[in-house]
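This briefing considers a few local features of one protein chain. Please look at the sequence and the structure below before reading on.

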Amino acid sequence: MSNISRRDFLKTGAAAIAGFTIAPSSILGKSHGHKAPSDKLNIAVVGIGGMGHANINAVKNTENIVALCDVNWDYAKGVFEEFPNAKRYWDYRKMYEEMNKTIDAVIIATADHTHAIITADAMTLGKHVYCQKPLTHSVYESRLLTKLAASTGVATSMGNQGSSWDGTQQVCDWIWNGEIGEVTKVECATDRPIWPQGLNAPEKVDPIPDTLNWDLFTGPAKLNPYSALYQPWNWRGWWDYGTGALGDMACHILHQPFKALKLGYPTKVEGSSTLLLNACAPQAQHVKLTFPARENMPKLALPEVEVHWYDGGMMPDRPAGFPQGKELMQSGGGLTIFHGTKDTLICGCYGQEPWLLSGRKPNAPQVARRVKVSHEMDWVRACKESKENRVKTNSDFSEAGPFNEMVVMGVLAIRLQALHKTLEWDGENMRFTNIGANETIRTVVKDGFTIHNGHPSFNKTWTDPVNAQQFANELIKHTYRDGWKLPDMP
């Protein structure tokens with residue numbers, strides 16, 4: 001268990017940046033100049049029981065796994081046993097303090113709400129980072145990581161592995177070559193969630209297992225009484241820790257529209273859903289994001305475009321001419337439909353198996369960068385290249401950060417739907433421009449629906465009205481719990 005204070009940790013981080021002697025030579029020497037491809041990275045991993053284990057498996061045969069950190073040692077037990085020589089930690093801050101001179105790079109695969117702080121702290125220490133999707137829990141956190149990556153010069157990648165798959169690149173090549181014409185509407189859908197959502201907040205307090213540090217899992221979020229409904233897997237559906245189906249799957253399914261259409265900040269967002277609860281994501285959602293016209297490409301004009309997101313069983317209409325008897329949901333539990341002026345492009349999750357509704361098979365030149373190794377190993381390659389000569393990964397934070405803002409903007413649209421308006425967004429300044437100073441918002445604390453003697457009762461418990469601007473601002477930039485603090489925005 002860690003006894004390191006946040007103040008001491010930040011002193012350590014500042015010293016690492018100010019004085020190169022405290023950081024490992026592999027980072028501030030070889031790696032920021034050049035690290036031979038044959039040299040092994042010393043990698044630490046935070047969050048090892050789920051996707052973190054898959055990420056470890058992708059790099060373990062060529063790199064050194066030197067430190068492992070998790071807040072649930074029962075969930076992580078098998079991975080700890082697989083790497084007996086790696087140092088074990090509960091608290092990533094203590095790991096950073098003790099292993100600073102040894103670690104070259106960090107893989108982060110914790111719950112969504114702790115991605116930003118663990119990643120930001122690693123970057124301020126000069127460590128290369130691979131962070132699972134969604135990159136962050138909020139818009140401000142995404143902007144921070146984008147700027148920290150640029151200012152520190154470390155190699156970065158978000159764990160949306162489809163960005164390194166050929167399907168994503170083929171979608172981009174076809175669209176950039178003008179094969180489907182101008183795109184003014186995109187529809188995306190997933191078959192998620194596959195975990196519980198639309199639940200009332202737990203009323204029963206469960207005993208905290210000896211193998212779980214609930215305080216460290218909570219991290220910068222508010223400290224709720226422990227419930228077995230939260231951890232180790234179901235956290236994704238709870239607003240304090242996760243971002244619902246958007247955070248899980250939109251990073252795989254919305255990335256192709258974001259990249260192919262050169263999207264930036266949306267100007268308008270609106271959302272609707274099944275019953276929206278204060279603590280838990282709804283069972284099904286629809287989000288519409290409107291993006292302004294962008295600078296035209298040589299073979300493609302980029303007019304204003306609407307991007308629609310559906311989950312929880314909600315689906316777009318079948319396009320005219322879509323084959324009868326063919327399932328609309330595509331491979332991998334995902335669907336993207338690009339509605340072009342010349343043709344319609346359809347693909348699955350990760351951009352898999354793209355095809356044109358016309359039946360044509362384009363022969364477009366390959367422009368988008370192909371990756372011949374795993375998503376993780378492409379990041380390893382980038383870590384070993386010099387900052388000046390590095391070829392960025394296909395989900396480098398310069399792209400993943402702005403893209404993740406798009407994803408969490410969907411969450412904002414859902415959570416602010418009770419304002420009953422299309423929200424206007426100033427992306428540069430991270431603020432809504434049409435929420436009045438005196439507007440208020442309420443959300444449902446508890447769904448009290450019951451049936452007694454065949455008669456339904458719709459008794460909902462609501463929050464008191466709160467100032468809508470303040471509520472929105474808290475969603476844009478979270479107030480962290482005492483003892484937890486992000487680095488300043490560069």
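In which loop is Tyr 350 found? Tyr 350 belongs to the loop between strand E12 (344-348) and strand E13 (355-356). The model is predicted, and the points below are grouped by topic.

**Positive phi angles**

- Tyr 350 is a residue other than glycine, yet its phi is positive, near 65°.
- Tyr 350 counts as buried because its relative accessible area, 14%, is under 20%.
- Lys 262, which is not a glycine either, has a positive phi of about 55°.
- The loop between helix H11 (255-260) and strand E8 (268-273) holds Lys 262.
- With a relative accessible area of 40%, Lys 262 is partly exposed.

**Cis peptide bonds**

- Arg 192 and Pro 193 are joined by a cis peptide bond, with omega about 10°.
- Pro 193 sits in the loop between strand E7 (183-190) and helix H9 (214-218).
- A cis bond also runs from Gln 231 to Pro 232, where omega is near 15°.
- Pro 232 lies in the loop between H9 and helix H10 (244-253).

- Asp 70 is located in the loop between strand E2 (64-69) and helix H4 (77-82).
- Although Asp 70 is buried, it has no salt bridge; the nearest side chain of opposite charge is that of Arg 88, 12 Å away.
- A polar atom of the Asp 70 side chain lies 2.8 Å from the backbone nitrogen of Asn 72.
- The backbone nitrogen of Gly 49 is 3.4 Å from a polar atom of the Asp 70 side chain.
- Leaving aside residues up to four places away in sequence, Asp 70 touches several residues, among them Gly 47, Tyr 89 and Trp 90.

Technical notes. Residues are numbered from 1 along each chain as its sequence is written. This is a predicted model: local features need pLDDT of at least 70, side-chain atom pairs count only at pLDDT 80 or more; totals for chains, interfaces and linings use all residues. Side-chain values use heavy atoms; hydrogens and water are left out. Helices (H or I, at least four residues) and strands (E, at least two) are DSSP runs, numbered from the N terminus. Buried means under 20% relative accessible area, exposed over 50%, partly exposed in between (1.4 Å probe, protein chains only). Lys and Arg count as positive and Asp and Glu as negative; His and the chain ends are not counted. A salt bridge is a side-chain nitrogen of Lys or Arg within 4 Å of a carboxyl oxygen of Asp or Glu. A polar contact is a pair of N or O atoms within 3.5 Å; within protein, one must be able to donate a hydrogen and the other to accept it, and residues adjacent in sequence count only if both atoms are side-chain atoms. Contact means heavy atoms within 4.5 Å.
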